[in-house]
Amino acid sequence: MDPLSRRTVIGACAGVAAGLSGCLSEDTDDDPNDEFRAETEREVDLSDLRLVNHADEAHDVNVLVEHAAAFVHWATYEVEPASAGGGATIDVSLPDDPGETVVHVRVGDEFTSAPLAERYGGRCARVMGVVGTDGSPSVYQGAGECDVDEGIDE
């Protein structure tokens with residue numbers, strides 16, 4: 001019997017690995033965001049962006065949304081205290097281009113940032129910019145559902 005050549009062994013291993021790769025990567029869980037990921041190349045979608053102010057007085061809140069190293073939203077919102085019914089919901093549409101999404105929130109001289117792709121890569125995120133009782137900004141994140149009908153004309 002002839003000994004197997006290195007090339008034959010490597011070729012056989014590659015064939016077995018290719019055959020198993022579909023079995024090993026098969027996802028049996030139904031993910032409601034699969035349809036979203038099939039329609040866009042974005043790493044993450046921003047399904048909800050809200051501002052709330054827990055301080056006693058109104059604050060100007062700067063919100064910057066960066067996608068693929070370019071700003072896609074930059075605005076200042078005067079947010080009244082939550083105790084007076086204040087708050088804001090911000091509509092931000094991200095381009096379909098792939099890239100990391102970062103939400104920046106600034107109040108006065110203080111700012112904070114939240115890179116969404118690190119935590120929600122391939123999914124949708126809900127973000128809340130919060131002005132604390134001391135006037136400092138915070139950003140909280142959570143998983144959300146993707147709006148798969150976004151941008152589809154009927």
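Leaving aside its neighbours within four places in sequence, with which residues is Leu 46 in contact? The residues are Val 65, Val 92, Leu 94, Val 103, Leu 116, Ala 125 and Val 127, where contact means heavy atoms within 4.5 Å.

The structure is a predicted model, in which local features need pLDDT of at least 70 and side-chain atom pairs count only at pLDDT 80 or more, while totals for chains, interfaces and linings use all residues. Residues are numbered from 1 along each chain as its sequence is written, and side-chain values use heavy atoms, with hydrogens and water left out.

Leu 46 belongs to the residues with the most contacts inside the largest nonpolar core, together with Leu 49, Val 61, Val 65, Val 103 and Leu 116. This core has 22 residues; a nonpolar core is a set of buried Ala, Val, Leu, Ile, Met, Phe, Trp, Tyr and Cys residues joined through side-chain atoms within 4.5 Å. Two or more residues each come from strand 1, strand 2 (59–67), strand 4 (88–90), strand 5 (101–107) and strand 7. Strands here are DSSP runs (E, at least two residues), numbered from the N terminus. Strand 1 gives the largest share of the core, four residues. In soluble globular proteins, nonpolar side chains tend to be buried together.

Charged side chains also meet in this model. Two salt bridges are present, each defined as a side-chain nitrogen of Lys or Arg within 4 Å of a carboxyl oxygen of Asp or Glu. In one, Asp 48 pairs with Arg 50 at 2.8 Å, N to O. In the other, the closest N and O atoms of Arg 126 and Asp 48 are 3.2 Å apart. The latter pair links distant parts of the chain, since Asp 48 lies in strand 1 (residues 44–53) and Arg 126 in strand 7 (residues 123–131), 78 residues apart. Through shared partners, Asp 48, Arg 50 and Arg 126 form one network.

Asp 48 counts as buried because its relative accessibility is 13%, the limit being under 20% relative accessible area (1.4 Å probe, protein chains only), with exposed over 50% and partly exposed in between. Arg 50, at 37%, counts as partly exposed, and Arg 126 likewise, at 42%.

Strand 7 leads on to another pairing. Strand 7 and strand 8 (residues 137–144) run antiparallel and are joined by eight bridges; two strands pair if DSSP finds at least two bridges between them. Val 130 has Ser 138 in strand 8 as its bridge partner. The two strands form a hairpin with five residues between them, and Gly 135 in the turn has a positive phi of about 90°.
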